[in-house]
Each structure stands twice: as C-alpha cells, then as structure tokens.
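Let me put the model up, and then we can walk through it together.

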Amino acid sequence: MSEDTRKDSYEERISGLTSAEFAKALQTFCDKIDIGDAAQLNSCVHCGLCADTCHYYLAGGESEALPAYKLNLVSAVFKNQHTRLGRIAPALTGAQALDADMISRWVDSLYGRCSLCGRCALNCTLGINISRLIRLARTTLASVGLVPPELQSTVSTAVDKGNNMGIPRQEWLDTLQWLDEELQQEVSDPAAHLPIDQSDIRLFYTVNPREPKFFPLSLLATAKIFYAAGESWTFSSDYYDVTNYGLFSGDDQASGVISARLRDSMHKLHANTLVLGECGHGYNANRWEAPEWLAGAYGFEVKSILEIIADYIRQGRIKLDPSRNQKRVTLHDPCNLVRLGGIIEQQRFILKRAVSDFVEMYPNREQNFCCGGGGGQLSMTRFAKRRIESGRIKADQIRATGAKIVVAPCHNCIDQLSELNKEYKLGVEIKTVSEIVADAIIIGH
Amino acid sequence: MTYIEVGGKQLELNDEGFLNDPEQWNQEVAAILAKTEEGLENLSEEHWAVINFIREHYEQTKLAPMVRSICKTTGLPLRRIYELFPSGPAKGACKLAGLPKPDGCV
C-alpha cells in the first residue's frame with residue numbers, strides 16, 4: 001500500500017467510527033483514569049509557563065503544540081464524562097464530547113505534536129504529569145485501532161516477529177558470528193567471541209534491532225568492553241529486543257506481551273542482571289513500566305549498560321586512555337533514560353574518563369531538550385516534517401558547544417540526531433557511549 | 001508531498017523522501033534520489049553493487065537485507081558502507097533502492 005493510500009484510509013477510519021467504537025474508546029478512557037489522574041485533569045490554571053518547556057512550541061510557535069492546549073484536549077473529554085456541568089452545559093466548562101472531530105484533534109496534537117518527553121511535566125507549576133495524560137489519550141485511541149499506521153507497524157512487527165525490525169532468528173545468529181571475526185581482529189585474540197544462550201551467567205545483554213540490522217559497530221564496541229572486563233555475559237538467540245514501542249503507541253496490552261519476553265529470557269538463561277542496551281525508551285519501559293504491565297515485580301536486577309561500564313571503571317576492570325579521543329565531545333541526554341529514567345550522572349562519569357575534551361550542552365540532565373525523535377515520532381512519517389522542525393532546538397544546542405562528536409546513549413536519538421546533522425549542517429559525528437569507550441580502552445592492561 | 005521527475009513522469013515521495021510506490025523504481029530513479037536525497041552526484045560501481053543487491057533482496061523477500069548480507073555479497077567492508085551512503089544503510093542505501101522505510105528506530 002502506498003503512503004498516500006495509507007494516510008487516506010486512516011483518516012477515513014476516524015470519520016467512519018461506529019457508535020460501538022466510540023463507546024469502547026470512552027470505556028478505555030474512563031477505566032484507565034485513576035484518582036490521581038482525575039485530580040490532575042482538573043488542576044491546570046493556564047499559567048502558560050509550560051509553553052517554553054516544549055520543543056514543538058519553541059520551534060514552531062503553533063498553539064496546537066502548547067502543552068496546556070494538549071492537556072486541555074484530554075481534560076475537555078474528562079469533564080464531559082465526569083462532571084455534571086460538563087455533561088449538561090459543556091460550552092460553559094470547556095467540556096467536549098469524544099467525537100470524530102475531537103479524535104482528529106487528539107491525533108494531530110497528541111500523536112503529532114508530542115514526543116512524550118516529559119519536560120512540560122517536570123516544569124509544570126502544579127506538577128501535572130502532562131505526558132502521562134497524553135499517553136492515556138493514546139491508549140484510548142489504541143483501544144479502537146487508531147494508532148497511526150506507521151507506528152502501529154513497528155509495534156505489530158515486534159509482537160508478531162519477536163523484534164521490532166522483524167529480523168529472522170538465523171540472520172541474527174549469522175550476524176553475531178560475523179562479528180566474532182571483527183572482535184577477534186579488534187582485540188588480537190582468536191579466542192574472543194560473542195556468547196549466545198550461555199546460561200547461569202551474570203549479565204543478559206539486550207540490544208536495539210537496528211544494531212544487528214544496519215549498525216553493528218555498536219554491538220562490537222559493547223562486546224569489546226565486556227571482553228576487556230572479563231565479563232560473564234550472553235546474548236539470547238530468540239528474544240533480545242530492548243525496545244518496546246507500545247510505550248509510545250499507548251497500547252498496554254502489546255507493551256505487556258513485549259516486556260514479558262525479556263523477563264522470560266532472563267528465566268531461561270538464569271542470569272542475574274537484565275542489562276538494557278543504549279536505548280532511552282527501552283530503559284524506561286523495561287526498568288520502570290514493565291512491572292506495571294506485567295502486574296508484578298521482576299525478581300531480578302535491571303541495569304543500564306551505562307551503570308555496568310561505570311562500575312568497570314570504578315573497580316579498575318577496564319582501563320581507558322582519554323588521549324585516544326581528542327576531538328571535543330558533547331552529550332545528549334535521552335529523555336526516557338535521563339529525565340524519565342533517572343540515569344543521569346553515570347554517562348558523565350564515563351565520558352570524563354574516556355575523552356580529553358568533554359563539554360556539556362545547555363540545558364542538560366533532567367532539563368535537556370528532546371531531540372524530537374522520541375514518543376514514536378521517528379516512525380510516524382506523516383509527522384516527519386514537524387519532527388525535523390522541532391529538532392532545531394537540539395541542533396542549536398549542539399552547535400553552541402563547538403563539539404565534533406555528539407554522544408547519545410539511545411539509538412532512537414542517534415537516528416534523529418543523524419537527520420538533524422544533515423538538515424542543519426552540524427558537521428558532527430554521532431556515537432554511542434560504548435563506541436567512545438571502546439575507542440579509548442586499553443586491551444590487556 | 002514532494003515529487004521527482006523521471007522519464008517525463010512525476011513520482012511521489014513521502015515526507016521522508018522515500019518513494020511512495022516501491023514498484024515505480026528503476027535505476028534512473030536511484031540516480032535522481034542519489035542527487036536529491038543523498039547529495040551524491042555520481043553513483044560508483046560500489047554504490048550500484050549495494051543498491052542492486054538491496055533491490056534484488058527486496059523483490060524476493062519484501063524486506064531490507066541485513067548489513068551483513070550487503071557486505072558478504074558485495075565484498076565491501078562494513079565501514080565502507082557508511083562512507084558510501086552518508087545517511088546509512090536504511091535512510092541512504094535502501095531509500096535509493098526504492099524500498100519503503102523499514103520498521104523500528106529508523
């Protein structure tokens with residue numbers, strides 16, 4: 001199906017929704033709202049301070065991108081459903097029914113002008129978790145099959161094929177075997193290799209499928225670090241995908257199916273620690289959200305690879321020579337890893353020991369700006385132009401540092417940053433933390 | 001919506017510069033996309049080896065090949081692929097071969 005046909009049929013779906021589908025959407029909306037959400041949906045005082053927190057609004061200046069506007073789209077439906085005045089006299093209270101027009105506005109603003117980055121929520125004077133409420137609206141749309149098709153396709157591929165790029169098992173294994181040769185050359189040891197399905201080990205390492213598919217140098221870099229540290233670790237032959245696009249589509253059921261797989265791999269491998277590769281939303285989804293979707297705690301430890309690498313440095317398990325990375329390096333903070341994930345200082349600890357010239361961009365840490373690629377934006381071609389436009393804020397931040405290398409511990413961000421590099425002519429290289437560490441590592445120290 | 005003109009016909013590109021209808025692809029399309037999307041004025045034998053393999057693989061399987069298969073078939077080293085296509089295997093090489101944008105973080 002061509003893109004255009006896909007676009008038309010999606011819009012036709014919205015205008016042709018049946019009353020049963022509206023009822024189902026509303027039921028999902030009401031079921032998902034808890035008492036805390038209800039309080040927050042009634043709390044916005046329209047102070048407007050959220051405007052300057054949103055990269056969409058800062059870059060484009062459209063009122064449909066204002067966080068308060070987006071929140072109001074959700075509050076309007078809540079008031080229409082749950083307040084007496086909102087039912088009797090919607091016009092007086094700003095209440096509005098969830099009809100086809102409202103759904104189109106939800107799609108346009110809540111899928112199309114938000115990366116769920118959480119910066120508005122962090123800076124809201126009343127502490128309203130705006131991005132959580134936007135995701136709740138996405139969950140409502142997902143319940144009646146209204147996730148934009150390009151985003152749904154990535155979720156469906158993950159559910160149906162076991163990873164979000166649909167990589168067949170044999171091709172994954174062939175790629176790992178091929179990387180064995182590269183690793184052996186890299187560390188000058190013919191016995192070096194990438195372990196698969198080893199059990200009773202310390203770490204089970206998970207990856208973003210775009211690494212084996214198109215960008216395997218980051219896998220090689222991590223394998224080199226594990227080799228240097230003498231780590232007991234493994235890949236899994238079946239489920240190894242750290243991503244979970246259900247977090248972005250809003251589909252809790254799919255999110256649960258996907259996250260159960262890494263848990264099951266952990267049990268199969270008898271590993272101590274689930275190690276999440278450099279993937280922002282994969283960290284948030286698997287570290288914080290998955291126990292909610294799975295309705296139970298994991299019973300094992302979950303760590304970011306950044307925590308593991310930082311530990312190696314602290315414990316002297318790897319030695320780094322920062323003079324091997326001479327160019328100026330800056331760091332991008334992926335929203336889901338940093339603001340929403342809590343992994344803030346480890347990457348800085350690592351970079352200060354792996355490169356000779358490290359500079360921060362501003363603002364940084366939990367106040368970082370989203371690169372524009374999160375929240376499923378990278379998938380949704382229909383909103384691609386807005387994505388690139390919203391990334392101008394990040395491009396300006398990068399340019400101001402004078403850095404030649406941007407390190408980003410997230411493959412989703414890396415793809416967006418690569419596009420920004422081209423669009424805004426930044427002239428930078430973009431690397432993972434593992435890649436920059438692997439370049440500095442002293443083998444056989 | 002953007003268009004490119006190939007052999008007197010207007011072909012549609014989506015908002016990310018991928019060919020809207022992969023069936024409209026031919027080598028002339030690849031050469032034009034190389035200029036407009038990748039800034040490549042001329043495609044070398046190495047470029048064509050990669051593009052033609054990706055296209056053949058797609059026509060057989062409806063999928064983009066793994067970068068490993070691209071290297072094994074063309075004999076090119078991995079790092080050379082990134083030099084040849086500045087936007088990488090997905091948004092560079094696969095786009096020039098007329099494939100739809102792959103699922104995932106691309």
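Let's start with one pair of strands: β5 of chain A, residues 328-331, runs parallel to β6(A), and 3 bridges join them. Strands here are DSSP E runs of at least two residues, helices are H or I runs of at least four, and both are numbered from the N terminus. Two strands count as paired if DSSP finds at least two bridges between them. Within this pair, V329(A) sits opposite F358(A) of β6(A).

A quick word on the source: this is a predicted model, where local features need pLDDT of at least 70 and side-chain atom pairs count only at pLDDT 80 or more, while totals for chains, interfaces and linings use all residues. Residues are numbered from 1 along each chain as its sequence is written, and chains are lettered from A and ligands numbered from 1 in the order in which they are written.

Now, which strands make up the sheet, and in what order? In chain A, 4 strands form an open, parallel sheet, ordered β6-β5-β7-β8. At its edges are β6 (357-359) and β8 (429-431) of chain A, each with a single partner strand, so one side of each has no neighbour in the sheet.

Stepping back, chain A has 23 helices and 8 strands. Its radius of gyration, taken over C-alpha atoms, is 22 Å, close to the 22 Å from the globule rule for 445 residues, so chain A is as compact as a globular protein of that length. That rule is 2.2 Å times the number of residues to the power 0.38. Along the principal axes, the C-alpha trace of chain A spans about 75 × 45 × 40 Å.
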